[in-house]
Amino acid sequence: MAEIKYDLERKQNALVLTLAGSLDASNAPPLSSAMEKELQDTALKDVVWDVRDLRLMASSGLRVIMTAIKICMPRGGKFYLARPNQEIARILRLAGMDKFVTLVDSPEACCGG
């Protein structure tokens with residue numbers, strides 16, 4: 001069972017998740033539930049994942065990202081991935097999700113400091 005640590009924070013109109021560890025089928029459902037609960041607040045338009053300390057993301061992590069995209073896009077929002085390592089960026093490209101995910105250098109690049 002992989003371990004993941006995450007923090008959720010609201011910044012302006014964005015929900016910022018800071019992730020560390022490994023995201024896989026064993027821990028994606030609780031992460032998704034926590035994120036969806038926060039996103040019930042319709043004032044939150046954008047979702048930002050800071051993945052600088054995320055080592056691994058399995059396909060279940062991609063499903064959580066798609067859930068976030070399905071919630072924020074109808075609100076006029078976007079999904080941002082901050083500081084992905086090369087492997088996570090490659091997985092997004094291979095899955096064709098780079099069309100829906102905006103890669104940024106830092107969470108501040110999309111939702112202020």
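Arg-83 sits in the loop between E4 and H3; helices (H or I, at least four residues) and strands (E, at least two) are DSSP runs here, numbered from the N terminus. This is a predicted model, so a local feature needs pLDDT of at least 70 and a side-chain atom pair counts only at pLDDT 80 or more, while totals for chains, interfaces and linings use all residues. Residue numbers start from 1 along each chain as its sequence is written, and side-chain values use heavy atoms, with hydrogens and water left out.

Phi of Arg-83 is near 60°, a positive value in a residue other than glycine. At 28% relative accessibility, Arg-83 counts as partly exposed, where buried means under 20% relative accessible area, exposed means over 50%, and partly exposed is in between (1.4 Å probe, protein chains only). Gln-12 is another non-glycine residue with a positive phi, in this case near 55°. Its place is the loop between strand E1 (4-11) and E2, and with a relative accessible area of 66% Gln-12 is exposed.

As for the overall layout, the protein chain has four helices and five strands, and from the N terminus on they run β-β-α-β-α-β-α-β-α. The C-alpha atoms fill a box of roughly 35 × 25 × 25 Å along the principal axes. A compact globule of 113 residues would have a radius of gyration near 13 Å, and the protein chain agrees at 13 Å; the radius is taken over C-alpha atoms, and the globule rule is 2.2 Å times the number of residues to the power 0.38. Of the 113 residues, 45% count as buried. Contacts (heavy atoms within 4.5 Å) reach well along the sequence: among those between residues at least 6 apart, 66% join residues at least 24 apart.

Buried residues of H2 are Ser-60, Gly-61, Leu-62, Val-64, Ile-65, Ala-68, Ile-69 and Cys-72. Their cover includes strand E2 (14-23), helix H1 (28-38), strand E3 (46-57), strand E4 (79-82), helix H3 (86-94) and strand E5 (101-104).

Two of these H2 residues get a closer look. Ser-60 counts as buried at 6% relative accessibility, and a polar atom of its side chain lies 3.3 Å from the backbone oxygen of Asp-24. A polar contact is a pair of N or O atoms within 3.5 Å; within protein, one must be able to donate a hydrogen and the other to accept it, and residues adjacent in sequence count only if both atoms are side-chain atoms. Leaving aside residues up to four places away in sequence, Ser-60 touches Asp-24, Ala-25 and Ala-28.

Cys-72 counts as buried at 1% relative accessibility. Its closest cysteine sulfur is that of Cys-110, 11 Å away and therefore too far for a bond. Cys-110 is itself buried, with a relative accessible area of 18%. The structure holds zero disulfides, a disulfide being a pair of cysteine sulfur atoms within 2.5 Å.

In helix H3, Ile-88, Ala-89, Ile-91 and Leu-92 are buried. Seen down the axis of H3, these buried residues fall within an arc of 155°, so they line one face of the helix; the arc is that of the directions from the helix axis to the C-beta atoms. An α-helix has 3.6 residues a turn, so residues three or four places apart point the same way. On the other side of H3, Gln-86 and Leu-94 are exposed. What covers the buried residues of H3 includes E3, H2, E4 and E5.

Ile-88 is buried at a relative accessible area of 1%. Not counting residues up to four places away in sequence, Ile-88 touches Leu-54, Met-57 and Leu-81. Val-51 is 37 residues from Ile-88 in sequence, with 8.9 Å between the two C-alpha atoms.

Just after H3, Gly-96 takes a positive phi of about 75°.
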